[in-house]
Amino acid sequence: MNIDQQQKVLVADDDAINREVLGELLKPDYTVVLARNGAQTLERAGRHLPDLILLDVMMPDMDGYEVLRRLRGDPQTAHIAIIFISGLDRPEDEANGLKMGASDYIVKPFNQTVVMARVALHLQVVRQRRMLERLANIDGLTELANRRRFDEVYEQEWQRACQSGRPLSLALLDIDAFKQFNDRYGHPAGDRALRSVARTTGAAMHRPGDLAARYGGEELLLLMPETDAQSAHAIAEALRAAIAGLAIPHEASSVAPVLTVSIGGATFDPAGNEQPFELFEAADAQLYRAKQAGRDQVWW
Ligand code: GH3
Ligand code: MG
Ligand code: MG
Ligand code: MG
C-alpha cells in the first residue's frame with residue numbers, strides 16, 4: 001500500500017519490549033509511531049494525529065485512562081480510536097476501559113494474531129466513519145462543502161462574530177448563462193466546468209476559517225470570517241477574474257466568449273442586530289444586481 005494511504009498507529013507502552021514487539025508486528029501494514037509514557041503519547045498524538053492508539057493502561061507518569069481523558073478533551077485528538085492494552089485483567093478493568101470510550105480492551109500477555117485482527121477491525125471502523133462524515137458533509141460533484149456543512153459552519157461563525165465583534169463576510173456566486181453552456185456543450189461538459197469553477201473557488205478560500213460550499217445547482221457560497229467588506233470584495237473580485245482567466249470557452253454566452261460568474265456579497269456588522277438570514281438576503285440581492293448590471297461582475 002502507498003505510504004500516504006497507510007493508516008497510522010501509535011503504540012504507547014512504558015515497557016520497551018512491548019513497544020518493540022507491537023511496533024514490529026504492525027510495521028508491515030501501518031505507519032507506526034512509538035511513545036514511552038503518557039506525556040509522550042499526548043505529544044505524539046497531537047503531532048502525528050494517528051488513526052488509532054494502542055494504549056497501555058499502567059504507565060509511571062500518567063495512566064492510560066488519564067491519557068484517554070485528555071485526548072478526548074482536545075478537539076484535534078478527540079476522535080482517535082483507542083485500544084487499551086493492559087495487564088489489568090479483571091472484568092471490571094475491561095468494562096471500565098470500554099465505558100471510558102475505548103474501542104476495545106486487550107489483556108496482556110497478548111496474542112499477536114488477535115492484536116493484529118483487532119487493530120485491523122477498528123481501523124476499518126475508522127475508515128467507514130470518515131467515509132460517512134465525508135458523504136454527510138461534502139458535495140459529490142464539486143467536492144466542496146455541501147449545504148448541510150455550510151449551514152453548520154455559518155451558524156458557528158455567526159456566533160463567533162457576535163462574540164468577537166469582528167465582521168463576517170458572505171458571498172453568493174452564480175455561473176453566468178450556464179443553461180446555454182449546457183445546451184451548447186452538453187451536461188457532462190457543464191459538470192466539468194462547474195468542477196473547475198469550484199476548484200478555483202476552493203483555492204481562493206484558503207485562509208483558516210474560510211469556507212467554500214455548493215449552495216445548489218451552479219451556485220456557490222463563500223464564507224469569510226473576520227473579513228471586512230473591502231477585503232472580502234477584493235477577494236471576490238480576484239476570484240471572478242481568476243474564473244474568467246480559466247478561459248473555458250462559452251460561445252453561446254452573450255457576456256463573453258468564456259465562462260464567467262457573477263458574485264454578490266455582504267458583510268455582517270456585529271454592532272447592528274441583524275439575523276443570519278438577513279446577511280444571506282443581502283448577498284442574494286447584490287447577486288441579483290450583478291446579474292442585472294450585465295454579469296461577470298462583483299457587487300458588494
Ligand atoms: P444566469 O446568468 O442568469 O445565471 O443564467 P443561467 O442560465 O446560469 O441561470 P439559471 O439559474 O436559469 O440556470 C442555471 C442552470 O444551471 C440550469 C441547470 O441546467 C444548470 N445546472 C445546475 N446545476 C448543474 C449541474 O450540477 N451540472 C450541470 N451541468 N448543470 C447544472
Ligand atoms: Mg505499562
Ligand atoms: Mg443559478
Ligand atoms: Mg446562473
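Modeller: Helix 8 gives the most to the shell around ligand 1, with 4 residues. Helices (H or I, at least four residues) and strands (E, at least two) are DSSP runs, numbered from the N terminus. Please keep in mind that this is a predicted model, where local features need pLDDT of at least 70 and side-chain atom pairs count only at pLDDT 80 or more, while totals for chains, interfaces and linings use all residues. Residues are numbered from 1 along each chain as its sequence is written, and chains are lettered from A and ligands numbered from 1 in the order in which they are written.

Around ligand 1 there are 16 residues, and the closest are Asp176, Phe178, Lys179, Gly190 and Gly217; a residue is near a molecule if its C-beta atom, placed from the backbone, lies within 6 Å of it. At least two shell residues come from each of strand 6 (168-175), helix 7 and helix 8. By class, the shell has 5 nonpolar, 4 polar and 7 charged residues. Here Ala, Val, Leu, Ile, Met, Phe, Trp, Tyr, Cys and Pro count as nonpolar, Asp, Glu, Lys and Arg as charged, and the others, Gly among them, as polar.

Now for the two helices themselves. Phe178, Phe181, Asn182 and Tyr185 of helix 7 meet His187, Ala189, Gly190 and Ala193 of helix 8, contact being C-beta atoms, placed from the backbone, within 7 Å. This contact of helix 7 with helix 8 holds 5 nonpolar, 3 polar and no charged residues.
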